[in-house]
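Biologist: Hi! Could you walk me through this one?
Modeller: Happy to, let me bring it up.

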Amino acid sequence: MPSSTDAANHNARLNLSGKTAAVAGGTQGIGAAVGLRFAQAGASVFIIGRNEQLGQDVVKRCRAEAGRNADGRTFEFIKADLSSVNEVKRVAGEIKAKAGSNGIDYLVTTQGGPPAGKYELTASTPAHDAHFAVQTLSRFGLAYLLAQSGTLKDTWLSVCAPGGAQGPPADADDIELEKPEHRNRWMLGRIMGQGKQDGALGDAMAVQFTKHFPNLRSAHLFPGYVFTNAPANILPSFILPLVNLGGPLLARMPFGNLAHQYAEVPVYVAANPLARGQGLEFCNERMKPLGSPKWAEGEVGAKVWERLRRMIEE
Ligand SMILES: NC(=O)c1ccc[n+]([C@@H]2O[C@H](COP(=O)([O-])OP(=O)(O)OC[C@H]3O[C@@H](n4cnc5c(N)ncnc54)[C@H](OP(=O)(O)O)[C@@H]3O)[C@@H](O)[C@H]2O)c1
């Protein structure tokens, strides 16, 4: 069965000079590793996230990867809290202005993290459920605005949790899971509900994106287990030493990777011509194609798209 090592082998001679990638959620974890891999392959890179120090550090490492080939290339950090729709719009405008008429070739969205089982509204106006605002709405907003303005030229790839052809449909009538039967669930129940909805909404967005922008590609990938700092955002601090001990071991399992190992997969799927036509647009960490969900092409997918579009445009 293929793995991230196969993606690395395919990417060994990948030359992305003249190309540009924007990575949202690029200050750490999977996103940072994807940004660095794009820089190694010769691309210009925009890194987007909240943490200035981590973001500038990734940019510095991208420049170091570029070495003598850094001339004429852009490595920039764009600081933004993407839980706010206004910030999503500002970032899309900033990327458009900075990238100029060449635009960007690849948008990779990895921002957010696993559901924490809470229903909490963002402080921004309009307010949305905080997890939904980052995990779904900000990803849609960046892709939609960059595609609509003609800035995105090639592929939008999101890393989350595709259900693929076998996955359940999204709840398009309660997109933020606000109804009492969702809001009042016990924590584990809500975590499971949010996880399922995140995956299904990601699938719907990816399928509908290519319907609305037929000249562009989209992909939604499941990373399996990748050892990153993500558990620190949801788990109580007394469990973290255990996670930090066990995490590198899990990363050695067949379903696991370290961030730099896994980064080969999204770079392969988004940017390597060898990956095209292989059904990898919905795939897992072992590059097993998961198929495209039929429900996302019909009424439910269209409803999801329309709701998200209105949230961004109104
Ligand atoms: N790691 C895994 O095993 C795994 C498994 C399945 C799915 N996933 C999914 O894959 C994605 C990436 O995971 P990861 O492990 O790389 O997570 P991570 O290490 O926690 O990184 C998350 C990134 O999102 C950014 N982010 C979070 N909230 C943000 C906000 N409000 N505005 C802007 N940026 C924000 C963070 O940057 P700042 O803090 O600088 O804002 C960070 O760069 C997540 O969606 C996760 O759910 C991961």
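Biologist: Thanks! How many residues surround the ligand, and which are the closest?
Modeller: This is a predicted model. In it, 31 residues surround the ligand, and the closest are Thr27, Ile30, Arg50, Val226 and Thr228.

Biologist: What does the polar side-chain atom of Thr228 lie 2.5 Å from?
Modeller: That atom of Thr228 lies 2.5 Å from an oxygen atom of the ligand. On the nitrogen side, the side chain of Asp81 has an N or O atom 2.9 Å from a nitrogen atom of the ligand.

Biologist: And how much of the ligand's accessible area does the protein cover?
Modeller: The protein covers 90% of it, out of the 880 Å² that the ligand has on its own.

Biologist: Which elements each supply at least two residues of the shell?
Modeller: Those are α2 (29-40), α5 (130-148) and β7 (225-227). The largest share, three residues, comes from α5.

Biologist: What's the make-up of that shell by class?
Modeller: There are 16 polar, 12 nonpolar and three charged residues around the ligand.

Biologist: Changing topic: where does His182 lie, and is His182 buried or exposed?
Modeller: His182 is in helix α6, which spans residues 180-183. His182 counts as buried because its relative accessible area is 15%, and the cut-off for buried is under 20%.

Biologist: Which residues is His182 in contact with, leaving aside neighbours within four places in sequence?
Modeller: With those set aside, His182 contacts Asp171, Asp174, Leu177 and Arg190.

Note on methods. Residues numbered from 1 in each chain as written. Predicted model: local features only at pLDDT ≥ 70, side-chain atom pairs only at ≥ 80, totals over all residues. Heavy atoms only, no water. Near = heavy atom within 4 Å. Polar contact = N/O pair within 3.5 Å; in protein donor to acceptor, adjacent residues only side chain to side chain. Areas by Shrake-Rupley, 256 points an atom, 1.4 Å probe, with all protein chains shown as cover. Helix = DSSP H or I, 4+ residues; strand = E, 2+ residues; numbered from the N terminus. Nonpolar A, V, L, I, M, F, W, Y, C, P; charged D, E, K, R; others polar. Buried < 20%, exposed > 50% of the residue type's maximum accessible area, 1.4 Å probe, protein only. Contact = heavy atoms within 4.5 Å.
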